[in-house]
Amino acid sequence: MMVEMDTFEKTLIRRTEQSVAAVKDAIVWFYAVFLFEPAENNRLIVTDLVQPKHYAMLQNAGGPKEKAALVRDAVVKLDYLSAKLEDITDGYANALRIADGNVPGNIRSALGKEIDQFHRRVKASLYRTMQDCFNRRSTAYETANRVSETYAAELVRLNLQAKACYSKAAWYRIAEICADGREDIGFRWKLTPSEGTCELCAARKDRVFSLSELQNIDALPPGHPNCRCELIPTVIGTSETELWYDPLLRIPSDAGKLIHLFRAAQLERFTKAIRENDVRAGLDWLTLGTIEGLFGSLSANASAMLAEPSFYTIGNWATMGFFDLARDTFQPDEPLSLEHWLNSLALASIIAANYQAYRKSLEQTFKVYKTRVQDSNLIDKVLERGYKISREKVISIMQLEDGRIIWLEEGGLKHILERHASQFTDINIATSDIPSVIMQALQVGDYVNMQGTREIYRIFYKGKERYIAISVSNNGYIVGANPRVKNNKILKP
C-alpha cells in the first residue's frame, strides 16, 4: 500500500503543477487577447509570457462554461475569464471523485463534500484576486502569479483531504480482502510511536475493529494528516499473549509482499525514466532504490531535527538514521516480525563492519610500527637477563643511558590506543606517532612529576611542549601511557 499511496501522491503533485500552469496560461492568454495595450512595455511583457503554441492551444481548448460566456464589455470579459478558470478547476477536482461502488458511501460522500466546498471557495477566492489585480492595473505576469498562488493554496488543502479519503478507501479494501468473508477476523489499530502522537490515535491503540465497524470513516487510518498508524489483521477474541508468535508466522507472507512492493517500485522507476527521460529515476532503478531511499531518509531526518532539535534527532541526522535503526532493533513495534529481523540484521552488519575496519586499522598500524625500530641484539640482551619478551610482537625497543632496556609490544600499544588515542589526538599528536613519542619521552624527556605510578616527562613535539605520563615495569616493558596538560590536570581516560 505504501507504494500505491506514494504513486497517488506523486500523481497529485504532477496534476497540481499542470493545473496551476494551465491557470497561468489562461490569464496570460486573456491579457494578450482582451487587455493588450500598444505601449512598448506591455508589448514586451506579453511577448515574453505568451508563445505562439500557447495561442493555438488555448484558443481551441474551450470548456463548457467558457463556451457559454459571451464577450461584450469589460465586466463580461472578467466573467469570461472566470468561466475559463472554472473549467480548469472543475476538471481537476472532479477527477478526484471516487466512482468505485465498493468503497463505503460515507468515504465517497466525505470527499464529494470537500470537492463541493473547494468549488465554492476557489471560485470566490480567484474572482476576488483577479478583481484586485485588475483594479491595481497589474501586469499579466503579476496577475498570473497572484492568481496561481491563490489557486495552489486551495489545491494543497483539497489534496490533503483527497489523500486522506483515498488512504481510508485503500485500507478498507485491504481489510475486505484479508477478512475474505470471515466474521472472526478483526483489525487491530497499530500505533506507530512518535513524538507528538495525537490523542485520537493514542485512544485507538490496540483497539480491534470488525469489518462492519470499518465502514465508519472515523475507524480507518489516517486519523489525521501525516498519520502513520496501520491496521493489523487479527482473530477477534484472541488475546495478545496467545498471538505472540504471529509475526513469525507472517514472515513468509510479509516477505512476499515486500518483494511485490519492490518489483512495483522498480517498475515505476523504470517507466518514469523511459517516458519522462528522468535521469534520477534511471539511477534509482539501477541502484535498486538506494538513491531515493538515501535522499528520502536524509530529508526526513533533517526535517525532524529542524522541527524538534534534541540529542536524538540531531544524532539520528548526523549518523544517517543509525539511532532509528537501533531503536527499531531494541524496541520494535512488532518483536520477531520480518521488519524486526531485517533491522537487527542491518544493525549487526553495521557493527561487524565497523569492528572489522577497526581491527584492520590496528593491524595496519602495527605493521607500520614494526618496520621501524626492532633491534635483535637488544632483544637477545633482554632474554639473557631472564626476562620474557615476544620477539615477533615487539614494536619498538631501545637502551637508555642508565643501561635499562625498554620496549613496546603490540599488547601495550593496543591498550594505549584503545584507552587514550583520542587524548593524544586532542593535543595534536598523530596516532601513528604515539610509539615514537613514548620512546622519545623515555629517552630524552625531562622528568617533572608523578601520576600515581606513572612518571611524567616533558618533551617537544613539532615545536610544541607536551607532557606524557608513562608506566614501565621493572623488566622494561612499557605498560601504558597517556598525555597530561601543563597544569597537572589529569585527562579523563
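Visitor: What makes up the chain, and how much of it is buried?

Guide: The chain has 18 helices and 9 strands. Of its 493 residues, 38% count as buried.

Visitor: Why is Cys133 called buried?

Guide: Buried means under 20% relative accessible area. Cys133 has 0% relative accessibility, so the label buried applies.

Visitor: And what makes Cys165 buried?

Guide: Cys165 has a relative accessible area of 7%. That is under 20%, so Cys165 counts as buried too.

Visitor: How many disulfides are there, and by what rule?

Guide: The count comes to 0 disulfides. The rule asks for a pair of cysteine sulfur atoms within 2.5 Å. As background, a disulfide is a covalent bond between the sulfur atoms of two cysteines.

Visitor: Let's go to helix H11. Why is Trp285 called partly exposed?

Guide: Trp285, found in helix H11, has 33% relative accessibility. Partly exposed is the range between under 20% for buried and over 50% for exposed, so 33% puts Trp285 there.

Visitor: What makes the nonpolar surface patch that includes Trp285?

Guide: Phe270, Ile274, Val279, Leu283, Trp285 and Leu286 make that patch, about 590 Å² of it. Helix H10 (251–275) and helix H11 (279–286) are the elements that give two or more residues. H11 gives the most, with 4 residues.

Visitor: How do you know where to be careful with the model, and what is its mean pLDDT?

Guide: The mean pLDDT of the chain is 78, and 80% of its residues reach 70 or more. Over residues 37–61, though, pLDDT stays under 50, and residues 69–75 also stay under 50. The model has 30 contacts beyond four places in sequence for residues 37–61, and 7 for residues 69–75. Where pLDDT is low, the predicted coordinates should not be read in detail.

Terms used:
Residues numbered from 1 in each chain as written. Predicted model: local features only at pLDDT ≥ 70, side-chain atom pairs only at ≥ 80, totals over all residues. Heavy atoms only, no water. Patch = residues over 30% accessible without salt bridge, like charges linked within 9 Å, V, L, I, M, F, W, Y side chains within 5 Å. Areas by Shrake-Rupley, 256 points an atom, 1.4 Å probe, with all protein chains shown as cover. Salt bridge = Lys/Arg side-chain N within 4 Å of Asp/Glu carboxyl O. Buried < 20%, exposed > 50% of the residue type's maximum accessible area, 1.4 Å probe, protein only. pLDDT = per-residue confidence, 0-100. Contact = heavy atoms within 4.5 Å.
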